[in-house]
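User: I'm new to this one and would like to know what the labels on it rest on. Could you take me through a few?

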Amino acid sequence: MGSVRGESRRRHGEPKRARSWKRRIVGGALVRRLREGGFENLLLASREQLDLTEQAAVRSFFSAEKPEYVFLAAAKVGGILANDTYPATFLYDNLAIELNVIDAAWRSGVEKLLFLGSSCIYPKLASQPISENALLTGPLEPTNEAYAVAKIAGIKLAEAYRRQHGFKTISLMPTNLYGPGDNFDLQSSHALPALLRKFHQARESGASEVSVWGSGTPRREFLHVDDLANAAVFLMQTYDEPEIINVGTGEDISIADLARLIAQMTGFTGRIVFDSSKADGTPRKLLDVSRLTRLGWRARISLEDGIRQVYRWYVSCG
Ligand code: GFB
């Protein structure tokens with residue numbers, strides 16, 4: 001099996017810090033899962049080794065290495081603020097990565113490619129839980145429209161290569177992910193790692209309050225990356241349909257309750273305040289995971305166990 005990882009160089013003039021945030025939780029979890037499964041012949045490429053936004057570099061890598069199976073886990077990702085602040089980067093980099101990798105994979109005779117999207121591809125006000133059929137049935141959430149459009153283009157690209165060339169591609173739509181190795185930068189990260197850091201630091205410093213972005217009313221579903229890696233290997237081995245497939249736990253929590261849970265786990269006993277100057281984003285994006293459940297797969301890591309495990313990792317990495 002081969003899997004490819006990479007990230008993009010600076011473009012569009014975003015500040016140096018924006019280049020520094022790294023989130024390789026998916027790639028790391030896939031490598032762990034594949035090695036546990038006895039797959040040793042992994043082909044990995046770091047951003048320094050391979051810039052996936054450079055077409056020529058990607059083509060020569062694939063024609064030289066000729067991987068059999070590709071997990072396309074590389075993407076420019078970030079939380080609500082980063083998405084809203086850098087739409088050009090999120091659209092350009094993700095489109096470039098998808099175009100280059102899917103095309104080069106097909107040209108070099110890859111047996112099967114797995115593409116990872118995100119639940120933000122669905123309409124902002126989709127009925128809940130969100131079925132795969134809700135794709136392209138309504139307006140997107142403005143704060144992540146650029147990223148969502150790039151991911152929808154990736155889905156359509158994978159489908160088109162399957163229909164025109166018979167290239168075996170499958171597309172997984174995971175919900176919000178979290179795990180060890182996450183990005184904890186407070187400006188560019190997602191909610192869960194940001195709240196873990198904020199509450200931990202507040203407990204350490206004795207601060208009397210922690211600020212949570214938005215109203216606290218939005219609801220989110222969180223999937224541990226080890227569960228995602230498990231589902232990805234399962235589907236790479238068993239699923240071969242053009243239809244996209246949701247990957248989640250089927251349960252969600254309000255941001256206010258998540259903040260309270262993390263406050264309790266980190267031992268913070270002060271006040272939680274909500275900063276309404278920050279965007280709430282999509283009110284709710286709970287995935288309908290019945291298609292995946294019918295195939296015999298279920299998430300195993302509960303939110304509480306998962307957060308506890310990531311918090312231990314965060315504290316140990318200091
Ligand atoms: O995880 P998050 O950044 O992404 O925010 P989205 C989730 C919710 O948590 C939002 C709130 O309502 C935020 O306002 N929140 C509260 C915080 N405190 C914080 C904080 O300190 N940091 C952050 N980041 N949020 C993303 C999309 O949307 O979901 C991406 O923008 C991608 O493109 C990702 O799809 C999975 O869930 O709102």
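User: Let's start with a simple one: where does Ala207 lie?

Analyst: Ala207 sits in the loop between helix H7 (191-205) and strand E5 (209-213). Helices (H or I, at least four residues) and strands (E, at least two) are DSSP runs, numbered from the N terminus. Before we go on: this is a predicted model, where local features need pLDDT of at least 70, side-chain atom pairs count only at pLDDT 80 or more, and totals for chains, interfaces and linings use all residues. Residues are numbered from 1 along each chain as its sequence is written, and side-chain values use heavy atoms, with hydrogens and water left out.

User: Why is Ala207 called partly exposed?

Analyst: Its relative accessible area is 31%.

User: What does Ala207 touch?

Analyst: Not counting residues up to four places away in sequence, Ala207 touches Ala202 and Phe268; contact means heavy atoms within 4.5 Å. As for His224, 17 residues apart from Ala207 along the chain, the C-alpha atoms of the two are separated by 29 Å.

User: How do you know that Leu113 is buried?

Analyst: Leu113 has a relative accessible area of 0%, so it gets the label buried. This residue lies in strand E2 and touches, among others beyond four places in sequence, Val70, Val101, Ile102 and Phe167. Leu113 and Phe71 are 42 residues apart in sequence, yet 6.1 Å apart in space, C-alpha to C-alpha.

User: And what makes Asn246 buried?

Analyst: The relative accessible area of Asn246 is 0%, so buried is the word here. Asn246 lies in strand E8 (residues 245-247), and its contacts outside four places in sequence include Tyr122, Ser131, Met173 and Leu292.

User: What does the side chain of Asn246 reach at 2.9 Å?

Analyst: The backbone oxygen of Ile130. A polar contact is a pair of N or O atoms within 3.5 Å; within protein, one must be able to donate a hydrogen and the other to accept it, and residues adjacent in sequence count only if both atoms are side-chain atoms. At 2.9 Å, the Asn246 pair falls within that limit.

User: Why is Leu136 called exposed?

Analyst: With a relative accessible area of 57%, Leu136 qualifies, so exposed is the label. Leu136 lies in the loop between E2 and H6.

User: What is phi of Leu136?

Analyst: Near 60°, a positive value in a residue other than glycine. Lys66 also has a positive phi, near 45°, and is placed in the loop between helix H3 (55-65) and strand E1 (69-72). Most residues other than glycine have a negative phi, and most peptide bonds are trans.

User: Which peptide bond is cis?

Analyst: The one from Gln128 to Pro129, with omega near -10°. Pro129 is in the loop between strand E2 (112-116) and helix H6 (145-165).

Terms used: Buried means under 20% relative accessible area, exposed over 50%, partly exposed in between (1.4 Å probe, protein chains only).
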